Each structure stands twice: as structure tokens, then as C-alpha cells.
Amino acid sequence: MSLTEGQRSSLLALQLGRVLFDEPMSRHTSFRIGGPVDAWVKVRDEVALMNLLQWCKREALPVFPLGGGCNLLVRDGGIRGVALRLGKGFRRLAFVRDPASELQDEGSEVDAVSRFSASVEAVGGVAEPHKESGVALPVDEDGRVRLHVGSGVVVPTLLRFCVRHGLGGVEGLGGVPGTIGGALVMNAGTHEGELGDVVEELYVVDGQERRVLQPAEFSFSYRKLVLPEGALILGALLALRPRSGEQVQQEIRELVHYRKNTQPTGLPSAGCLFKNPDVGPPAGKLIDEAGLKGLQVGGARVSEVHANYVVSDGKAQAADVLELMDQVKNRVQSIHGIDLRPEVRVVGSDPPG
Ligand SMILES: Cc1cc2nc3c(=O)[nH]c(=O)nc-3n(C[C@H](O)[C@H](O)[C@H](O)COP(=O)(O)OP(=O)(O)OC[C@H]3O[C@@H](n4cnc5c(N)ncnc54)[C@H](O)[C@@H]3O)c2cc1C
């Protein structure tokens, strides 16, 4: 059900940023699949975000946080409520000098967030690759460099920043698309490392309250982040280490090169559909050995290049992908006795009728 005329005008009146109604989610996912969301809102900054959350609470509308949509399969009936994308005000990428002294003492956690935000030294969100920045790194006593990264920053921008400033720790994200918000939630990475490895603090909105989460309040594991239910991530504090920018770049390049040779490019997908089992061969190998490469339902097909990818011909429906996932799961279960768990997040509802 779409929003009422009254809801539409009151949402627009808040002037939060860009607002689209009955917006096809296929325009906001790497799969290019998904029915309409009642409202898609790109909030400008934190003030706009808090206003939107209050408005949604008042209107009893669910909020769905959306990053780059690179790990999402949205059902064909779409999403009820508001899809929330974090805009320009959440793209900060900045060194933090001595975060301990900023966050200690008597202030409440909310104060700590405000002081944290005010104290970072912005050095710009976009960095040219190849060039050393010439900015002296603020190395802490433990040899680490603390970096605040907003959830709206896209992963390649963080990587370019690290190359330019000579920072190691996130090379394993080479070639991973999406935003930092999504990468935190998914603990994105590769066999070379995951984002969670370098996270020291998370900045979240929990209910209507902004909070700094310490490591005791969250935990990362394989493609998973556990944090308080419903928390929206504004950004993170990363602890990186000084490293030659050339080496960082070289490692990222090698990873991207490897991926280009082993993963499908040029067709819409959501990356790997299934998680690798805890032990034994990876999901792609299990699917390949079950002879499922090339298996097709409607416009969705198990990739011939990498069996854990399902690619769309551009016309696939979510129902096609879901049916294909079911078939793959059942075949792998009957041949290998292994229950594959989805990595892709399936959200939204089926079309009525
Ligand atoms: C071609 C391709 C290759 C890929 N390769 C890899 C890979 O090698 N390794 C890997 O780990 N992943 C890979 N992925 C998957 C995807 O890139 C990652 O999962 C990525 O981190 C998702 O980020 P996103 O911003 O697109 O998140 P989205 O897909 O938009 O969202 C993912 C989840 O995070 C939630 N979310 C997003 N932002 C926030 C926020 N600010 N606060 C709270 N919740 C939020 C969403 O509600 C959703 O549940 C690949 C995807 C593609 C298309």
C-alpha cells in the first residue's frame, strides 16, 4: 500500500533531502531487481535523519536502511514503509587525533558522539589513487592510525584514501562494492580480511538515541554483525596501521585482478548468494560439483564463471532468483548433505494475489 496523500505532503514538507514515492527498488540494487518501496529518502544529514525517524515513528511506518543495495534481493511486491539512504552528511572520512582523550570523562554517550564528530580533522572524502598525500599520519602510541568513516562512504573511496595516505588494514575489501554501512552490517571482506577486523567503535542511532558502541556491545563474525536490534549505523572508528601506499595499492590490485578472472563481470548480481559452510569446500565448489552451473529460471542463471553467483539477464524477477536458490539448495543438500545458508539478504513482500 502506498503512502496517503497526507503522508506524502507531510514527508515532503520536512525537506530532508531527495524523496521518491513508489520507487522501484530495481533502481537501487546491484541485481537490478525489486518491486517498489512506498518512499525512498536520501537524508541529507543527521538532523534530517532524526526528523525522518521521528516522522516514521509517528506514522507507524517501518524504516529500511539501504546502502548500495549490493547484497540485497528485494521481492517483487516491494517494501512497505521508507527505504532510507544516508546522503552527503554521512560521507565523512577523517583522521582522529587521540580518540581516547576525546571520548573519556564525564559526558554522556550522546555528548561523546557530538564531541567526537566535532573533533575529527577532516582531510577530504575523495583521494586520488597513486599519489602520496604528504599529510603526516597521526600515529597513536600503539602504532595505529584512527580513522572515522561515515556509513555513506563507498568502499572504493575508503580504499583510495588508504592508498593515498599509506594505511593498511582494509586491503581485503579490494573489489567489494557498496557502502561502509552495508559493509559493516555484512562484515564484508574476502579471504584477505574483513572490515570487522579493524573496527574499534560503532556510531549508531538506537531508537531515537545516538550512541557510541564499544566492542563489548557488538560482535563481528563471518558475514555477520550482531548489534542492538534495529540500530542504524552512522559510521565507525577504524584502527589502521601505517603501510606503504604502493604496497597497499599493489595488494588491492592483485585482489581485483584475481576477482576479474574468477567472478562474473558485466551482469547484474548480488555477489555470492550463499555463505560458505563453516568447514569443507566453499559454497561455489559445492554448487559447481552438483553440476548446477548454467541452471536457469526465467531471467536468472547460475553463473558459468563462479557457481555461487546468480546473474540476471536484466529481466529477472525476484521470484526467479528465489526459485533458483531453492533448486540449488535442494540439489546441494541431496548430493552433499549440506544445508547452504543465504548470504544475500532477502527483503520485502511478494506481489499480492
Ligand atoms: C559483484 C559483487 C561482488 C561482491 N563481492 C563481495 C565480496 O567479495 N565480499 C563480500 O563480503 N561481499 C561482496 N559482495 C556483497 C556486497 O558488496 C557487500 O555485502 C556490501 O558490503 C554490501 O554493502 P551495501 O552498502 O550495498 O549494503 P546493502 O546491500 O544496501 O545492505 C546490506 C544490509 O545492510 C543493511 N544496512 C545498510 N546500511 C546500513 C546502515 N547504515 N545501518 C544499518 N543497516 C544498514 C541493509 O538493511 C541490509 O540488511 C559483492 C556484491 C556484488 C554485487
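I take helices (H or I, at least four residues) and strands (E, at least two) as DSSP runs, numbered from the N terminus. The model is predicted, and local features need pLDDT of at least 70, side-chain atom pairs count only at pLDDT 80 or more, and totals for chains, interfaces and linings use all residues. Residues are numbered from 1 along each chain as its sequence is written, and side-chain values use heavy atoms, with hydrogens and water left out.

**Entry 1: D140**

I located D140 in the loop between β7 (121-122) and β8 (145-150). Is D140 buried or exposed? I found a relative accessible area of 19% for D140, so the residue counts as buried (under 20%; exposed is over 50%, partly exposed in between, with a 1.4 Å probe and protein chains only). I also noted a polar contact of 3.1 Å between the side chains of D140 and R146 (a pair of N or O atoms within 3.5 Å; within protein, one must be able to donate a hydrogen and the other to accept it, and residues adjacent in sequence count only if both atoms are side-chain atoms).

**Entry 2: the ligand**

I listed 34 residues around the ligand, the closest being P65, P177, T179, G189 and R259 (one heavy atom within 4 Å). A backbone N or O atom of P65 lies 2.6 Å from a ligand oxygen atom; for P177, the distance from a backbone N or O atom to an oxygen atom of the ligand is 2.7 Å. In R259, a side-chain N or O atom is 2.7 Å from an oxygen atom of the ligand.

Which element gives the most to the shell around the ligand? I found that α6 does, with five residues.
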